[in-house]
Amino acid sequence: IIPSANCIEKHIAHHQLYPDSLLSGAANTDESNAVSDVEQYKVYMEKFWRTISSNGTQALEVNFDNFIITTANMSMTKATFKKIGGFDETLRDGYDYEFGLRALEKNIASYFDLNIETIHNDRITLRYYAKRQKCYMESKKIIFKKKPVYQELLNKENKRPSFVKKIIYKILRNNRVVDFIETSELF
C-alpha cells in the first residue's frame, strides 16, 4: 500500500477536527500496473465509483445505511482503537468490516473520504478474487451469526440478490469455471 503525497497530512488534519473519530480513505489500484482483466475491471469500477459517490472535498459520514470501510487506508487515535476494542482476531477475514460495525455500534464518528488516496497493488486474478470473496463472505456469516443485529441494521430493506445474480455467483464459486475463464481466449 502506497500513500499519496498528502495522504498522511490529510489524515492528521481530519483528526485535528475530529479527534475521536475513525477515518477511511480510498484504496485504489495503480492503472499502470493493472495487468489482468480483473485488475483492469477493478480500475474501471474504482473510477466509476468515484464519479457517483464523490461529494466534492467533504468526507462522507459513515452510518449503517452507507457503510463503507477499509483498513487499507484508515486512521484513528490509539484511544479510539482501544475504545472500539481492537480487531476480532478470531476472524480470518472481514475483521475491518466487523471493526467498523463495532465503531458505529459504539457511536464512534466514522468517515470515508475518497480524496485521501492510497494505491493498493496486489496482483489480482479472477481465481484470487473469487477465493478472496469466498473467505470474505464466510467471515460475514460468522460476524452476523455472532451479532445478528448488524445484519438487521445493514439490511433494513432485507435486500436479497436477484435470481440471476445468485446463478452468476454460484457459477463463479466453481473453480473449474474460474480456471476456464482465466485460461480461455473466448473472454
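The side chain of Ser 110 reaches the backbone oxygen of Ile 108 at 3.1 Å, a polar contact in the sense of a pair of N or O atoms within 3.5 Å, where within protein one must be able to donate a hydrogen and the other to accept it, and residues adjacent in sequence count only if both atoms are side-chain atoms. The model is predicted, so to speak of local features takes a pLDDT of at least 70 and side-chain atom pairs count only at pLDDT 80 or more, while totals for chains, interfaces and linings use all residues. Residues are numbered from 1 along each chain as its sequence is written, and side-chain values use heavy atoms, with hydrogens and water left out.

Ser 110 sits in strand β5; strands (E, at least two residues) and helices (H or I, at least four) are DSSP runs, numbered from the N terminus. With a relative accessibility of 4%, Ser 110 counts as buried, that is, under 20% relative accessible area, against over 50% for exposed and partly exposed in between (1.4 Å probe, protein chains only). Leaving aside residues up to four places away in sequence, Ser 110 touches Leu 22, Leu 60, Glu 61, Val 62, Ala 103 and Leu 104, contact meaning heavy atoms within 4.5 Å.

As for its partners, two strands pair if DSSP finds at least two bridges between them. Strand β2 (residues 22-28) runs parallel to β5, joined to it by 7 bridges, and here Leu 22 has Ser 110 as its bridge partner. Strand β1 (residues 2-3) pairs with β5 in the antiparallel sense over 2 bridges, with Ile 2 partnered by Ile 119. Strand β3 (residues 60-61) is also antiparallel to β5, over 2 bridges, and Glu 61 stands opposite Tyr 111.

Past the strand, Ile 124 lies in the loop between β5 (110-119) and α5 (126-146). Ile 124 is buried, at a relative accessible area of 6%, and touches Ser 36, Val 38, Glu 39, Lys 42 and Tyr 129, not counting residues up to four places away in sequence. From Phe 112, Ile 124 is 12 residues away in sequence and 24 Å away in space, C-alpha to C-alpha.

Then there are the cysteines. Cys 7 is buried at 4% relative accessible area, and Cys 135 is buried at 18%. The disulfide count comes to 0, taking a disulfide as a pair of cysteine sulfur atoms within 2.5 Å.
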